[in-house]
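Q: I have a structure open here and would like to go through a few parts of it with you. Can we start with one of the ligands and then move on?

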Amino acid sequence: MRTTEALEDARRALEICNACRYCEGFCAVFPAMEKRRAFSNGDLSYLANLCHNCRGCYHACQYAPPHEFGINLPKSFAELRVETYEEYAWPRPMARLLRRNGLVVSIVTALALAGVLLGAMLLQAPDLLYGTHTGPGAFYAVVPHSVMVALGSVTFLFVLFALGMGFANFWRDTGGRAAELTRGRPLRQALSDVLTLRHLGGQHGCNDRDETFSTARRRFHHALFYGFFACFASTGVATLYHVLFGWEAPYGLFSLPVLLGTFGGLGIAVGTAGMLWLKLTGDQVPTAKRLMGTEVAFLALLALTAVSGLLLLALRSTGAMGIALAVHLGFVLSLFLLMPYSKFVHGVYRAAALLRYALEREPAPTPAPVAVPAAAEPPIDIVRLARARSAEENTQPLGRSTPNPAAGD
Amino acid sequence: MADLTKTYDVLVIGGGNAALCAAISARRAGASVLVLEHAPREFRGGNSRHTRNLRAMHTAPTSVLTEAYREDEYWEDLLRVTGGNTDETLARMTIRATAEVLPWMEECGVRFQPSLSGTLSLSRTNAFFLGGGKALVNAYYVTAERLGVDVLYDSEVTALELADGVVRSATVTCRGFPATVRAKAVVASSGGFQANIGWLKRYWGEAADNFIIRGTPYAKGRILDSLLAQGVQQAGDPTQCHAVAIDARSPKFDGGIVTRLDCVPFSIVVNRNAQRFYDEGEDFWPKRYAIWGRLVAQQPGQIAYSIIDSKAVELFMPSVFPPVKAGSIEELAGKLTLDPAALERTVNEYNAAVRSGTFDTTTLDDCRTDGITPPKTHWARPIDIAPFYAYPLRPGITFTYLGVKIDERARVLMQDGRPAKNLFAAGEIMAGNILGRGYLAGFGMAIGTVFGRIAGKEAATYAYH
Ligand code: HEM
Ligand code: SF4
Ligand code: SF4
């Protein structure tokens, strides 16, 4: 990770946090911070992506603005996070494009794709497009199956590769090694942290909008997250039906692909609407305002993908099906094409950071003597040092994190 | 909406932990309540903003406290730190009441860190607020507002008019405008006077100009002053304050926990003349850090410098500002504007006096000096490996001990020993009754919570009859 203003800002904030530590009960960031005394660029990238933006530490901070220390971790981390997205993106210049004009780019891409599809159809046979098609293979009368498969799989493979490169870049930069990726328990822990979003508010909820606690954000994210994967599963099941059994779409209303797609689409729609509502009505101080564009772009693209899919379901036996199909495919393709450069990558880096965290918590039984990359400071266990005598004794601790009866903690 | 022309049942002066506990308790008892907080909303909460835990008695493990911490042990701890400067009846009453406060606090929205046995050594005696004191204060404000307590920020109560043991009115400056507020009962929970430099000067002279106030700048002690001037009995020694040595570069107010320095036992500390003045290694730092505020306050210019070499730099908790760094003692002296020759002499004498031993930060080890005054009795190692580092120190004032005398119903006592009728006190303004000297972590919050609740309830009861 290169040195930037946002990075320096996060470093300064964390140095103060590390002297304070009042927030250590909120999330994974603080225990991870306490393992370090100095923060390398890679460390900061790791911590920024470990942050779930719950805002707990902002509202709890006695040094939050307008205090002269002006500590605002969720904002500092959000600003650093987008820079890390750019840093690790593959190929890198694409990311910059999206940061500037996220919303415009996503929608233009989607519409352009839809337009190309429509144009191709019109050239082919205009009456097909406006005709009413029902029964197996109806969609393919409008967009040939082979075109769909080709477009879909090329896009998907490209995205997978680009995201994988991003992950590898992050992993290397934050001091990770390939060998660590095979350790089962940390992997399971990280997976569970991803699936439950444990750190997005923990058991208490987070400060979604102000200093009251709520679990709304986590619930909306769950709707979105599981909705997204349900849609993904829907496509997967449909592909299997087609390939294995030769059953062609459209499927019945109560078939597995349609059920998964419907629930998934509704989940995404509800999740994005809820997230957008929280974003627009919440306290703006702990947010990075200049990132609003990118974030809204991603939410909008997701929402439009879902809504266009639901619309297609509603219109599939009418003459508008052709256009609806083209538009939906346009959005889906755009969502995927832009995935490695949109906010979607937060999932990859956050998951990677959670894995890094799980690994740190549970050091390998016999640490292999591998050279630590220059980016990562060897962690000094100052916590252990400070807490050495802590367990029973509370009169003679060394460090500040063992407050003591005679002390002014 | 808050309405200054209305006669509230209970007026709560201040906006910290004790004030909010009083406001919530009074409101729950059915009273209409107005809270007047001097600070703007962003800085509300007084010194409670900087606290972190509450010391609670318990006879069995709870979700946030391990093992047991019984009344007698708690009392002994208090007796030890105060050197007997306490009131046993009030103290034991407070201690016993802490056994029930945690569920009440949770009900008011306060969240605790789960007990992490083995990590936080105080998880046996002290319950840690999730996110610290400001999170606690936020929770109380949310609860108070939900219950219908009226709160005004930027509203300083400058005086109370007291006649025949009855508060008649309160003089207020509300967002810059003067006002007079009436209420049937009043809870004074406006803290000590440590942020009033002029007042500190009465006891410390011009030196007080060089003190740094660790907590809120709004603890001016106006109400305390107003009450003491109108025949209220005082508690606690007016000349005493809790002072520790903190980083001299800290903000004048509100620097809080991060300005603390833990490097002293691994360093030598010199004054403006580059002379050592006290045994830096006398005992473990937590046992000594509270005397260093006074030690530095007694040095010329109220400044001192803790000097270490590269061996020691990672032995203590990081603090807010990086140390001053130099390749040689001479260069370091230059950066600190000390006399280089004098500092080199002091360091050389010290280095020559160090007797080698087995350095061990976890015990009172045998690394000490021989033949210099003052000696350094533990953790003494030569300061000889560049780079060298220095942290400048100044006295940091945590709180003052002076307060008003109260009885076990939180009623303020007049000089004739009789309680004022409608005036109650809670928090730092009366803590001197119980904590007359020293400090016990989390005990200030214990007193504030216990007496805040009592004061609120008593005030509401009074307002009703
Ligand atoms: C793979 C693991 C994932 C993790 C650990 C994760 C975690 C998070 C967290 C903690 C936030 C809130 C913080 C913020 O606003 O930056 C967030 C926001 C968001 N997530 Fe995820 N996420 C994951 C995957 C996904 C997926 C698959 C989607 C949907 C395709 C998604 C969609 C969103 C959206 C739209 C937001 C933005 C909300 C906003 O801007 O306010 N996430 N994610
Ligand atoms: S966010 Fe503020 S309160 Fe929390 S650890 Fe950092 S400095 Fe301390
Ligand atoms: S915003 Fe939430 S997740 Fe991020 S560092 Fe603060 S407490 Fe942790």
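A: Before we start, a residue is counted as near a molecule if one of its heavy atoms lies within 4 Å of it, and please keep in mind that this is a predicted model.

Q: Is C206(A) buried or exposed?
A: C206(A) is buried, with a relative accessible area of 1%. C27(A) is buried as well, at a relative accessible area of 17%, where the cut-off for buried is under 20%.

Q: Switching to chain B, what does helix α4 look like there?
A: Helix α4(B) runs over residues 133-147, and its 15 residues reach 21 Å from the first C-alpha to the last, which is close to the 21 Å expected at 1.5 Å a residue. After the helix comes G148(B), whose phi is positive, near 95°.

Q: How many of its residues are buried?
A: Twelve of the 15 residues of α4(B) are buried, so the helix is largely enclosed by the rest of the structure. Among them are K134(B), N138(B), Y140(B) and Y141(B).

Q: What covers those buried residues?
A: The cover includes a piece of the other chain, α4 (56-59) of chain A, together with α1 (17-28), α3 (88-107), β5 (150-152) and α11 (443-464) of chain B.

Q: Now strand β14 in chain B, why call it largely enclosed?
A: Six of the six residues of β14(B), which spans 304-309, are buried, so the strand is largely enclosed by the rest of the structure. Both faces are covered, with A304(B), S306(B) and I308(B) buried on one side and Y305(B), I307(B) and D309(B) buried on the other.

Q: And which strands does β14(B) pair with?
A: β14(B) pairs in the antiparallel sense with β13(B), residues 268-271, over four bridges, and V270(B) stands opposite Y305(B). β14(B) also pairs in the antiparallel sense with β18(B), residues 388-400, over six bridges, where Y389(B) is the bridge partner of I308(B).

Technical notes
Residues are numbered from 1 along each chain as its sequence is written. Chains are lettered from A and ligands numbered from 1 in the order in which they are written. This is a predicted model: local features need pLDDT of at least 70, side-chain atom pairs count only at pLDDT 80 or more; totals for chains, interfaces and linings use all residues. Side-chain values use heavy atoms; hydrogens and water are left out. Helices (H or I, at least four residues) and strands (E, at least two) are DSSP runs, numbered from the N terminus. The expected span of a helix is 1.5 Å times one less than its number of residues. Buried means under 20% relative accessible area, exposed over 50%, partly exposed in between (1.4 Å probe, protein chains only). Contact means heavy atoms within 4.5 Å. Two strands pair if DSSP finds at least two bridges between them.
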